[in-house]
Amino acid sequence: MPRPISATLSMSALQNNLQVVRHRSAHSKVWSVVKANAYGHGIARIWQSLRSTDGFALLDFNEAILLRESGWQGPILLLEGFFSAHDLREVSHYRLTTAVHSRWQLAALAAMSVAEPLDIYLKVNSGMNRLGFHPAEVSEIWQQLRSMSQVGHITLMSHFASADSREGVKWQVDNFERSTGHLPGPRSLANSAATLWHPNTHHDWVRPGIILYGASPSGRVEDIADTGLMPVMQLRSEIIAVQNLSAGDRVGYSGRYRAEGQQRIGVVACGYADGYPRHAPSGTPVMVAGVKTQTLGTVSMDMIMVDLTPCPEAQIGSQVELWGNQLPIDEVAASAGTLGYELMSALAPRVPVSVKL
Ligand SMILES: *Cc1c(COP(=O)(O)O)cnc(C)c1O
């Protein structure tokens, strides 16, 4: 028998989440962001369920080519652009839309010969200081690009640093408007948080990622409670052993948890080598036999221990949900000091994945 851990991906949840995005941004086209192998879900497994999207956005050439060769004929956007002048042959061959964020990329474009002009996304650094041109140079860059026969449509693009928090997007929208207000062409600004919470940023194309997979851009599950988003990934395992502790007994590496009295605990076949966060402390929520309980002690490579006090009927073979429908990934992530983004994209290759409708 295989080790009992597995992940299940719900395609109806994925399609539901794309519909939520459609309703929220009814006048915009949608780039479904599938970078990092679709946030750990696997592009090859899920892209067909999203094929009513207007385009897919990612940043790895291999992922872009996989998507093309699997039959996706629509737009594909390279969010980080091309990494060397050599890449432009593939950009052209596979009809990829590419971000342009640095001056060397203009020189590379100007030096190439293309069959068809390339559509590009001109990246404006509106304040995050990650990728993009300073607002003061955007006009000049746009003019240069516009004069190149290698360049087709130019879309103006920027990215938000704090769309999920009180700080919001206004200061970045202002920077963006000041530098691009006089330039024609479509715009694309909104990530998931802005798609949900800043409709004034939707413009021509929204770029949601995390909400397609049913987790919260802010990390707080309360923030998406009224949206209708549904978790796509469920990570499940089973209890493979039970221990009966007495007062003072310690649990796991370094004995970080100590029983105060008699306590029944379960051992779950899931550890950090499966993608469970190693820094999740004792008290991280976990569902055992449909009952919410908590982890105890240090997460091992292959196992975690859980308190069976709230579920005395649990035994070897009982079902465990690490995250999914009963337990939002955001709650587990919050306990471990991280975000759903990191947990889902860190799902380990050794975990068998099944896809259900
Ligand atoms: C990752 C990414 C997105 C999607 O972000 P989410 O917070 O997952 O919605 C959008 N735009 C760019 C440029 C990105 O890198």
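Start with the ligand: one of its oxygen atoms sits 2.8 Å from a polar backbone atom of Ile210. That is a polar contact, meaning a pair of N or O atoms within 3.5 Å. On its own the ligand exposes 390 Å², and the protein buries 93% of that, with accessible areas taken from the Shrake-Rupley method and a 1.4 Å probe.

Before going on, this is a predicted model, where local features need pLDDT of at least 70, side-chain atom pairs count only at pLDDT 80 or more, and totals for chains, interfaces and linings use all residues. Residues are numbered from 1 along each chain as its sequence is written, and side-chain values use heavy atoms, without hydrogens and water.

For Ser192, an N or O atom of the side chain is 2.5 Å from an oxygen atom of the ligand. For Lys35, a polar side-chain atom lies 2.7 Å from a ligand oxygen.

Now the record. The unreviewed UniProt entry gives the annotation "binding site" to Arg130 and Met301; such annotations may be inferred rather than shown by experiment. These residues span 172 residues in sequence and their farthest two C-alpha atoms are 34.1 Å apart, so they do not all gather at one spot.

Is Arg130 buried or exposed? Arg130 is exposed, at 54% relative accessible area, while Met301 is partly exposed at 42%. Here buried is under 20%, exposed is over 50%, and partly exposed is in between. Beyond its neighbours within four places in sequence, Met301 contacts Gly271, Tyr272, Ala273, Asp274 and Arg350, contact being heavy atoms within 4.5 Å.

Terms used:
Buried < 20%, exposed > 50% of the residue type's maximum accessible area, 1.4 Å probe, protein only. Polar contact = N/O pair within 3.5 Å; in protein donor to acceptor, adjacent residues only side chain to side chain.
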